[in-house]
Amino acid sequence: MLDQTKTTLGHRGLRQGGIIGTLTREEPGSGRDRRWTPRIIVLSGLLLAVLCDAFVAHMLSVNYWETYRTTEAANGDLARALEEYMLRNIQGVDVLLNTTIDNLTRNPNLLTPGNPALINELKNRVAPYPVAGGIVVLDTEGNLLGDSAGNGVPGRENNFADRTYFQVQRDDPDRGLFIDVPVASRVNKGLFIAVSRAFMMSGRFAGVVVVPVDYENLRQFFLSLNVGQRGTVTLYRDDGTILLRTPNADAFAGRNVRSNRLFTQFLPQAPHGSFEGSGVTDGVSRSISYRRVAGLPLVVTVARHPIEYLAGWKNNAVYYSVVAAGLNLLIAGFGLGLARQWRLRAASEQALRDNLEQHQLVTENVPALIIHVGADGQIRYANRVAREWYAEPSPEAIRSRRIDDFIDPSHVDEARPRIEAVLAGRTIGGEEKAAFPDGRERWCETIRVPDCGQDGTVRGYFVLSVDITERKRIEDELRQAQKMEAIGQLAGGIAHDSNNMLAATLGNLDMLLDALPPAEASCRGMAERAIEAAERVADLNRRLLAFARKQTLRPQITDANELVGGMTTILQRTLGETIEIDVALDPLLWRCLIDPTQLQNALLNLALNARDAMAGSGRLTITTANAVLDQPLDDGDERIAAGDYVTIAVSDLGAGMPPDIARRAFEPFFTTKEFGKGSGLGLSMVYGFARQSGGTAVIASQVGQGTRVTLYLPSAGPGDAEQPRAGATRLPRPDTGERILVVEDNALVGAMASTMLSSLGYSPVVVVNASAAIAALERSEPVSLLLTDILLPSSMTGIELARQVRGRWPDLPILFMSGFADPSLVPEDFRATTRLLAKPFRLSQLSEAIVVALAGAKR
C-alpha cells in the first residue's frame with residue numbers, strides 16, 4: 001500500500017524516493033527548507049486510521065455472517081441426518097408392526113396366551129430389525145399373549161392395561177402408529193420407547209402390537225452428535241411432547257411444550273427451517289434447526305450455543321481490533337513525531353523509516369492483496385498476498401514487473417477503463433473476477449485509490465483486493481435454490497389450474513359417454529379416446545405436483561419391466577435419433593413396491609444425464625434383474641438391509657468420471673456441467689427417491705469407459721401389478737334425490753359438478769364462496785352433504801368453512817375436493833371422517849365418494 005522504492009543511507013549522502021522522499025526531500029531551487037503543517041499531518045493520520053478501521057470492521061462483519069451461515073448450514077445438515085436416522089429406524093419398526101398385524105389377522109389361531117407358535121413367529125419377525133428391542137402382542141384387556149423374548153407362557157401372565165400406549169390404541173383403534181414417551185420396562189431393566197399399532201378382527205378392536213425401542217441406544221446416538229458442550233439435540237412428538245433430549249435432560253422426557261414458538265409459529269409455516277430461540281428447558285438462546293420427520297409424528301431439533309460457534313469469530317475480532325488499535329497508535333505516533341521533529345532532518349528520517357517498517361509488517365500480514373502502482377504502470381510495492389497470487393518469489397522480482405503483465409487477457413477491456421479512471425484522480429471500487437498467475441480464478445472485492453501529490457498530480461494508485469470467491473459461490477447456490485423453488489411453485493400452480501379444467505373436461509366426457517347408446521360405436525370410441533388423452537394430461541399434472549412437492553409418494557406394486565418398456569418410446573423421442581437405446585429385461589423379474597410416476601421421472605433424469613455425458617450421440621442401455629442381498633449393502637453413505645430387491649441399471653458409453661467426482665455425484669447442487677446448464681439436482685432427486693422407497697442408488701464410473709447407475713428397489717415378490725383405472729361406471733345407489741351443496745369458485749367445474757350430480761340422481765345446489773354456502777345452509781331446505789373446494793376466494797377457505805359447518809351442523813357429512821392431490825391438505829381433525837376428492841375426478845369416483853360419505857353419516 002506504500003511506495004517501496006529502495007532507500008539507502010551511506011557515505012555518499014541520503015537517496016530518497018516514494019512517500020518518504022515526498023515528505024522529506026527539499027524541492028530543487030526552492031532556496032529554503034520545506035515547511036510542514038502539523039494540521040495536514042494529523043488529518044492524514046486520521047484518514048488512514050479511518051480507512052484501516054473501516055476495513056477491519058468490514059472484514060469482521062463478513063466473517064461474522066459467514067460464521068453464522070456456516071453454523072446454520074451445519075445445524076441443518078445435522079438435523080437432516082437425524083431426520084433420516086429416525087425415518088429409517090421408525091419406518092422399519094412400522095413395517096414390522098404392519099407385517100405382524102397382517103399375519104395375526106390371517107392366523108387368528110395364534111392369539112392364545114403363551115402360544116409357542118406365536119412366540120416363535122414373533123422371534124422370527126423381529127430378527128431382521130436390530131433397532132427393535134422385541135415385539136409384544138396384547139389382547140383386548142391388555143394381557144400379554146406373547147413376545148419375542150418368550151414371555152407369555154403360563155405362570156408369567158402380565159397385564160399392561162395401565163400403559164398409555166395401550167389405552168390410546170384401545171380408545172382409538174383407527175389412529176394408526178403411536179409413539180409413547182420413555183417408560184421403564186417391566187420385563188427387562190432400563191427405559192424404552194413404545195411404538196404401537198392396534199389390530200382389528202371382524203371390524204372390532206382385537207388387541208395391540210408393541211415394539212419397544214431401546215431408549216439408551218437412542219440416547220447414546222444423540223450424545224454422539226457433535227453440537228458442542230452447550231448444544232442440544234431433541235426429539236419431540238409432533239404434539240409437542242419431549243421424547244428425548246441430550247445432554248443431561250432426561251428428566252424432561254414426557255414434558256409437553258406445545259406452546260413453544262417451534263410448534264406455534266415455525267412448524268405450521270414449514271416442515272423444516274432454522275431460527276434463533278430460547279431453549280424449552282433452560283431458556284438459553286441458541287441457533288436452532290428443526291425438521292419434521294416425513295410421514296411420522298416426530299420432530300427433531302439441533303441447537304448450538306452462540307458462545308461456542310462464535311468463539312472463533314470473537315478471537316478474530318479481538319485480534320483484528322488489537323491490530324487496528326496498534327495501527328492507529330502507530331499512525332498517531334508517526335504524525336506526532338513528524339510534527340514535533342520536522343526541523344530535525346536526520347532524526348525524523350529514522351523515525352519515519354521505523355514507522356514504515358511497522359506499516360509494512362501490518363500490510364504483509366493483512367489477508368488481502370495490497371499493491372502500489374506508479375503512473376507509468378510499474379509496480380512499486382506488493383505485499384505477501386499479492387506476491388502469492390502473482391506467483392512472484394520475492395519483492396524485488398515483482399517490483400521489476402509492470403501491472404499490465406498480470407492482467408488477465410480476457411479482462412483487458414474491462415480493466416483498462418478502471419486504470420484510466422483512477423489515474424484521472426477518481427476512486428474506483430467494485431467486484432471483479434479474474435484468473436491469477438498462481439493458477440486460481442478468484443472473485444475479488446477491489447478498490448483502487450489514486451496516489452496524489454500535494455500539487456494534485458497523480459503519481460500512481462493503490463489497489464486493495466479481498467478474495468470473496470467463497471461468498472460468491474454461496475450466493476450462486478442460494479440463487480439456484482430460489483430459482484428451483486420458484487419453478488416448483490409455478491409448476492404446482494399450473495398443475496392445479498389445469499386440474500380444474502380437466503375436472504370439467506373429464507366429467508362432461510364421462511356423462512357424454514354414459515349418454516351415448518351402445519349402437520353409437522364411433523362416437524363412443526371418440527369419447528373414450530378423449531378420456532384417455534385427458535387422463536394422460538392428468539398424469540402429467542401429477543408429475544408436476546410431485547416436482548412441486550405438493551403430492552406425496554404413492555407406492556404400489558409395479559411391474560418394472562412393463563414400466564421400462566413403456567418408457568422406451570418417450571425416451572427415444574426425448575433423447576433424439578443419435579442415441580441408441582438397448583433394453584434387456586429379466587423375464588422372471590419380481591414386482592417392486594414403488595411410486596411408478598416417480599420411477600419414470602428417475603429414469604428420465606438418468607437418461608438425460610447419460611445423453612449429456614455422451615455429447616448427444618452413443619448407446620444407452622437399460623437392464624432389469626433380481627438381486628438377493630445376503631448382507632446389508634453399504635452405498636457409501638447409508639446401508640440398506642439384506643433382502644430381495646429389484647434392480648434397474650442405466651448405462652452409457654460417455655466420458656465417465658474420476659473417483660473423486662463419482663463420490664460426490666449424488667450431492668445436491670453438485671454438477672460438472674457449465675454454469676446455467678445444470679442445477680445439480682437430477683441425480684440427488686434420483687437418490688432421494690430410491691432411499692425414500694426403501695432402497696438405494698449406486699454409481700460406478702471410469703474415465704473413458706462410461707457410467708452405470710443402478711437402482712435397488714424393494715421387491716414385492718412375483719404377482720400381478722396393481723393397475724387401478726378409474727372407469728365410467730357409477731355405483732348403485734337408491735334414487736332418493738338428496739340435496740347436495742357444492743362450493744366451487746370455478747364456473748366450469750361448478751357447472752360440471754352440478755350436471756354430474758344431477759345425472760346421479762341428486763339435487764345439486766352450486767355456490768361460489770363460503771358466505772353463500774352458509775346462507776344456503778340456513779335456509780329451510782335440508783342439505784344432505786357439503787361438497788367444497790379447499791381453495792376458495794374471499795377470506796374463508798374450504799377448511800375454515802368446514803369447521804364452521806361442523807360447529808353449527810355437526811351431523812352434516814363433508815367431502816373436500818382440490819386440484820392439489822395431497823392428502824396432507826386435509827387437517828388432522830377431519831381425516832377420520834372426511835375424504836379428499838382429487839381433481840380431475842371421474843363420474844364413478846364422485847359417485848363412490850358421495851355414497852361412502854352418506855353411508856358414514858347414516859351409521
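**A helix and its surroundings**

Tutor: Helices α15 and α16 are oblique to each other. Here angles under 35 degrees count as roughly parallel, over 145 as roughly antiparallel, 65 to 115 as roughly perpendicular, and the rest as oblique. Helices (H or I, at least four residues) and strands (E, at least two) are DSSP runs, numbered from the N terminus. This is a predicted model: local features need pLDDT of at least 70, side-chain atom pairs count only at pLDDT 80 or more, and totals for chains, interfaces and linings use all residues. Residues are numbered from 1 along each chain as its sequence is written, and side-chain values use heavy atoms, with hydrogens and water left out.

The axes of α15 (residues 560-575) and α16 come within 11 Å and cross at roughly 40°. Axes are lines fitted to C-alpha atoms, for helices over the stretch in contact, with angles from 0 to 180 degrees between N-to-C directions. The crossing is right-handed. That label applies if the near helix is turned clockwise from the far one by less than a right angle; anticlockwise is left-handed.

Now α16 itself. It has 18 residues, 596-613, and at 1.5 Å a residue it should span 26 Å. The expected span is 1.5 Å times one less than the number of residues. The end C-alpha atoms of α16 are 26 Å apart, which agrees.

Which residues of α16 are buried? Among them are Pro-596, Thr-597, Leu-599, Leu-603, Leu-606 and Ala-610. Buried means under 20% relative accessible area, exposed over 50%, and partly exposed in between (1.4 Å probe, protein chains only).

Asp-595 caps the N-terminal end of α16, with a side-chain oxygen 3.0 Å from the backbone nitrogen of Thr-597. After α16 comes Ala-615, whose phi is positive, near 55°.

Ser-202 also has a positive phi near 55°. It sits in the loop between β7 (191-201) and β8 (204-214). At 81% relative accessibility, Ser-202 counts as exposed.

Next, salt bridges. Each one is a side-chain nitrogen of Lys or Arg within 4 Å of a carboxyl oxygen of Asp or Glu. The structure holds 31 of them.

Start with Arg-442, which counts as buried at 3% relative accessibility. It pairs with Asp-438, the closest N and O atoms being 2.6 Å apart. Asp-438, at 29%, counts as partly exposed. Arg-442 also meets Asp-467 in a salt bridge, at 3.6 Å from N to O. Arg-442 lies in strand β17 (residues 441-452) and Asp-467 in strand β18 (residues 458-467), so this pair ties together parts that are 25 residues apart in sequence. Asp-467 is partly exposed, at 31%.

Lys-839 and Glu-744 meet at 2.7 Å, N to O. Lys-839 is in the loop between β32 (836-838) and α22 (843-858), and Glu-744 is in the loop between β28 (739-743) and α19 (747-759), so the pair ties together parts that are 95 residues apart in sequence. Lys-839 is buried, with a relative accessible area of 3%. Glu-744 is buried as well, at 1%.

Finally, Glu-431, Glu-445, Arg-471 and Lys-472 are linked in a network of salt bridges.

How values were computed:
A polar contact is a pair of N or O atoms within 3.5 Å; within protein, one must be able to donate a hydrogen and the other to accept it, and residues adjacent in sequence count only if both atoms are side-chain atoms.
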